[in-house]
Amino acid sequence: MRSAFRYLPLRANLGLAQHHLTPFLRFDIPFLRMEIVLPSSQTWWLTCAATAALFAATFFLPSKMIPVIYLLRGILLVPATSLFYFAFLPARFPHTPDSYMEGLVTAGIALISTVPLLFALTYYIFDFGLMKKAFLTSITMIHLALFLPLQVLVQALFLQKNGFCLCQPFTSSSACR
């Protein structure tokens, strides 16, 4: 991941989060430390307008598409709730890009670690050979292990380049530091 800093326009450095499972089992998880990039009020208003326009567009869809209409409205409930929250209580959000990145890496490692258990409950109950089961488990874990750093880098680039870090929407970037 360190070589990505040379080639990507990313303002971040590598941090370590210490985790203790037991007093004797401790390990460090690397994650990206990023500076906060705040969205402008223009970004908030554009997002609000796009959400409202998509919600209004659902009223013009034909009645035979009712399942799609309800699905779209349900999906639009997430950004609408976020926009409402950040319009009235922007200073109370407790998360930073650092905690988000640390959680992303930790959740990814937890998912990779639980693949054998998930497959034991779903895939291993079928009558396949032991080699097929071991091969599928190993390639799934390898795929996820190779994908996780890429996912973290793409998330970091998205947060920094689009200014969608979770912070106050109506302040300048110097106000949150």
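1. A residue counts as buried under 20% relative accessible area and as exposed over 50%, with partly exposed in between. Tyrosine 124 has 26% relative accessibility, so tyrosine 124 is classed as partly exposed. The model under review is a predicted one.

2. On the overall fold: the chain contains five helices and two strands. Read from the N terminus, the order of elements is α-β-β-α-α-α-α.

3. On burial and surface: the chain has 177 residues, and 23% of them count as buried. The accessible surface of the chain is about 12,100 Å², and carbon and sulfur atoms account for 71% of that area.

4. On contacts along the sequence: taking contacts between residues at least 6 apart in sequence, 63% join residues at least 24 apart.

5. On the core: the largest nonpolar core has 17 residues, and those that touch the most other members are Leu10, Leu32, Met34, Met101, Val152 and Ala156. Two or more core residues come from each of strand 1 (12-20), strand 2 (26-34), helix 4 (97-122) and helix 5 (130-162). Helix 5 supplies the largest share, six residues. As a general point, nonpolar side chains in soluble globular proteins tend to be buried together.

6. Back to tyrosine 124: this residue sits in the loop between helix 4 and helix 5. Apart from neighbours within four places in sequence, tyrosine 124 contacts Pro116, Phe119, Lys133 and Thr137. Alanine 134 lies ten residues away from tyrosine 124 along the chain, and their C-alpha atoms are 9.6 Å apart.

Key. Residues are numbered from 1 along each chain as its sequence is written. This is a predicted model: local features need pLDDT of at least 70, side-chain atom pairs count only at pLDDT 80 or more; totals for chains, interfaces and linings use all residues. Side-chain values use heavy atoms; hydrogens and water are left out. Helices (H or I, at least four residues) and strands (E, at least two) are DSSP runs, numbered from the N terminus. Buried means under 20% relative accessible area, exposed over 50%, partly exposed in between (1.4 Å probe, protein chains only). Contact means heavy atoms within 4.5 Å. Accessible areas come from the Shrake-Rupley method with a 1.4 Å probe; for residues, only the protein chains shown count as cover. A nonpolar core is a set of buried Ala, Val, Leu, Ile, Met, Phe, Trp, Tyr and Cys residues joined through side-chain atoms within 4.5 Å.
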